[in-house]
Amino acid sequence: MNALTGTTRLARLVLRRDRIRLAIWILGTPLLGYALAGSVAGIYPDQEARLGYATTSASSLVARAFNGPIHGTDLGAVVVAETYVTLALIVALLSTFAVTRHTRQNEETGRAELLGANVVGRYASLTAALLVIVAANTVAAALLAVALVGAGLPLAGSVAAAAAIGGVGVAFTAIAAVTAQLSVTARGANALAAATVGLSFVLRAAGDVLGDQSADGTRVRSAWPSWISPLGWGNQVRAFDGERWWVLALPVVLLLAGVALAYALAERRDQGAGLIAPRRGPATGAPRLLSPTGLAWRMQRGTLLGWAIGVAVLGLSMGVAADEFDDMIDANPAAAEAINAMGGGADLINAYLAAMLGLFALTIGAYVVQALLRVRADEADGVLEAALATAVSRTRWLGTQVLAATLGAVALLLLAGVTTGLGYGIVTGDPLGQAVELGGAALLRLPALLVIAGVVTAIFGLLPRWSVVLSWTALLVFLLLGQLGAVLELPQAALNVSPYTHVPAVPAVDPTALPLVVLAAVAAALLAVGVAAFRHRDVPS
């Protein structure tokens, strides 16, 4: 037996366990890319519109930081500038979480020890996970290239753009392979990998902000920090602008180096142990941890703090960018029409602010799903069974978890509105007034988030084994229908499926109470269904 014995069988096991997740990933990425490319093509249909976009994006530091550098006025270049960061972040996070699930999480749950009792080599589990995740990135990238060509973009640029996205996934597969060796827990490994994604984003943004604008004002040459960021490498491929194919070798080199380092680290640690020693907790716990509420807050506060920092930075940036946005849409009626479709109302600045608050509500919906899916993780890990063995009823335990997620969503919504208002108020001279107005407008999105909380709770109560897949799928459907559906001109009946469709787009339009009341009633009904189903089903021991 050698160190890779059993790799093929373990790879089949990974495929078996993740067959649904991988299918959503491999098919969802090109579908999202196709939809976004079609949307951008509709907003910037001619050379004049794209020239205005390119010159504005190249001169705007905010656009460089969040969208990356622009490389010319070709439609494909505009599509890449508008979609690259979104798709790259998605595949980066999917890749890291998948590697952790099939390596460190297997050790944490004891599954790896069970597998190790058979004829399995020391590196087989890690290698199987890497093979499957790299293959998933490759297939998704190939389908994304087909989707971009189907959206009317040139073949070479489409292949380069899709390969750049796949390269990001491959690069973070390697990074996750290393972080899985460092932490004792899957949560710690994911946190380290996610922190690397965040650091990579910051380096890319710094490199693009510090870059040089070309003489014609339609291109940006990134500074050196972008070259030490795996997220920045995708931009340096320059898809649709004289592709630099050699840049695609960088993720491959990182993959080989990461695998070698992960093997070396795995050789130097025991099964189930990590190279970073876990901190020892206090000898006695705080009294508040004796209640479900205190325990829920203790378990959620780290995640909530991370989200709060990200929301505050984005909110302030989006608010400051509102002033630049006014100049950009003045020269592009199609862009103004698209923003109106997303935000509503005749005032384009208010429509922009409403659209940004809507995007924040969608993003915070991901927090709600993440926070509530913890109940499923606690059930699978046996934590729930231990909690229910105390004087805590099922209704109180689940209700506390829902309450914690809801209060976290309220805090994040308020923070998004206030920071966006502060950013916009700083450039217009009324920071306090705008912060109060947009803070209140953001809170009007809460009923939509309550519906999402209800959907996750109902799925957890009725179909616990499918709660992770179905909950994220529901959020993705709400995203496509509620925020992008209007831009894609989907039928109103399809748009009505999303709770976000029914939230008044304040401050672009006047608020109305009826849809908010209906959404709250729907959320209450879903929560009741979830709690009732949870009370009457078995909890695996």
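In this predicted model, α6 (104-109), α7 (111-116) and α8 (124-150) each contribute at least two residues to the lining of the second largest pocket, and α7 gives the largest share, three residues. Helices are DSSP runs of H or I with at least four residues, numbered from the N terminus. The lining comprises 17 residues, with E107, G121, R122, S125 and Q271 nearest the centre; six are nonpolar, seven polar and four charged. The space in this pocket is about 380 Å³.

On a 1 Å grid over the protein atoms alone, a pocket is an open set of points with protein on both sides within 12 Å along at least five of seven lines; a cavity is a set where a 1.4 Å probe fits but cannot get out, and lining residues have an atom within 4 Å of a point. A volume is the space filled by probe spheres set on the points, which are joined across faces, edges and corners.

Eight cavities of 30 Å³ or more are found in the whole structure.

| Cavity | Volume | Largest contributor to lining |
|---|---|---|
| Largest cavity | about 90 Å³ | α5, five residues |
| Second largest cavity | about 70 Å³ | α1, four residues |

The lining of the largest cavity has nine nonpolar, two polar and no charged residues; among them are G33, V79 and Y84. The lining of the second largest cavity includes R17, H102 and R111 and divides into five nonpolar, three polar and two charged residues.

Residues are numbered from 1 along each chain as its sequence is written. Local features need pLDDT of at least 70 and side-chain atom pairs count only at pLDDT 80 or more, while totals for chains, interfaces and linings use all residues; side-chain values use heavy atoms, with hydrogens and water left out.

Definitions and conventions:
Nonpolar A, V, L, I, M, F, W, Y, C, P; charged D, E, K, R; others polar.
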